[in-house]
Amino acid sequence: QMLVSNLDHLNLRVRNFEETVHWYNKIFAFNLVEQGIQDGMPWGVIRCNDAMLCIYEAQDLFLPSKLEMKKKGLHCLAHFGLRITDKESWENIITTEGLPLLYDGVIQWPHSLAWYINDPTGWEIEVVYWENDTISF
């Protein structure tokens, strides 16, 4: 039986390629590791350790809200999660970069903490800190 060891990457359309690359680098230390042009628009892969995002520019991209999608009986990507291991450094980034937190701030789950933010395009990101850096349920 084939077992998956990790999620390899997430593929996202973004409104502005350069702004997105810069933001993910500044906030999460992602680096641009591959890039090109497809259908006249820039694309690339950004990476931080084993986490990778493949991003494609789509300047006229419209992201309807989760509520709008639910009302229409449609599903959308609610959010994706990025795991951190240094809570204090993350909290410092939130403060120094003035990141607006969704859902009234940090949420305490049974075994983890989560902060929800939006990237420049509007994709929702859950930033997860597991107690003792251990995934447990």
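This is a short walk through one predicted model, from the whole chain down to a few residues.

Start with the overall picture. The chain holds 3 helices and 8 strands. Read from the N terminus, the order is β-α-β-β-β-α-β-α-β-β-β. The C-alpha trace spans about 45 × 45 × 40 Å along its principal axes. How does the radius of gyration agree with a compact globule? For 137 residues, the globule value would be near 14 Å, and the chain has 16 Å, which agrees.

Now burial and surface. Of the 137 residues, 33% count as buried. The accessible surface comes to about 9100 Å². Carbon and sulfur atoms own 52% of that surface.

Contacts next. Residues 24 or more positions apart account for 51% of them.

Charge, briefly. There are 10 positive side chains and 19 negative ones. The centres of the two sets lie 8 Å apart.

β5 and β8 run parallel, joined by 5 bridges. β8 covers residues 124-130.

Step over to the next pair. β7, residues 112-118, meets β8 in the antiparallel sense, over 7 bridges. Asn118 has Glu124 of β8 as its bridge partner. β7 and β8 form a hairpin, with 5 residues between them. Look at Gly122 in that turn: its phi is positive, about 115°.

β6 and β7 run antiparallel, and 2 bridges join them. Ile107 has Ala114 of β7 as its bridge partner. These two strands form a hairpin as well, with 3 residues between them.

How many residues of β7 are buried? The count is 6 of 7, so β7 is largely enclosed by the rest of the structure. β8 is mostly covered too, with 6 of its 7 residues buried.

Take Leu61 first. Where is Leu61 found? It lies in the loop between β4, residues 51-57, and α2, residues 66-71. Is Leu61 buried or exposed? Leu61 has a relative accessible area of 18%. The cut-off for buried is under 20%, so Leu61 counts as buried. Leaving aside residues up to four places away in sequence, Leu61 touches Arg13, Val14, Arg15 and Thr121. Val14 is 47 residues away from Leu61 in sequence, yet the C-alpha to C-alpha distance is 7.0 Å. Note Thr121 among those contacts of Leu61.

Now Ile135. This residue is found in the segment after β8. Ile135 is partly exposed, with a relative accessible area of 45%. What does Ile135 touch, not counting residues up to four places away in sequence? The partners are Arg83 and Trp130. Ile135 and Glu19 are 116 residues apart in sequence, and 32 Å apart in space, C-alpha to C-alpha.

To recap. We have a predicted model with 3 helices and 8 strands.

Methods. Residues are numbered from 1 along each chain as its sequence is written. This is a predicted model: local features need pLDDT of at least 70, side-chain atom pairs count only at pLDDT 80 or more; totals for chains, interfaces and linings use all residues. Side-chain values use heavy atoms; hydrogens and water are left out. Helices (H or I, at least four residues) and strands (E, at least two) are DSSP runs, numbered from the N terminus. The radius of gyration is taken over C-alpha atoms; the globule rule is 2.2 Å times the number of residues to the power 0.38. Buried means under 20% relative accessible area, exposed over 50%, partly exposed in between (1.4 Å probe, protein chains only). Contact means heavy atoms within 4.5 Å. Accessible areas come from the Shrake-Rupley method with a 1.4 Å probe; for residues, only the protein chains shown count as cover. Lys and Arg count as positive and Asp and Glu as negative; His and the chain ends are not counted. The place of a charge is taken as NZ of Lys, CZ of Arg, CG of Asp or CD of Glu. Two strands pair if DSSP finds at least two bridges between them.
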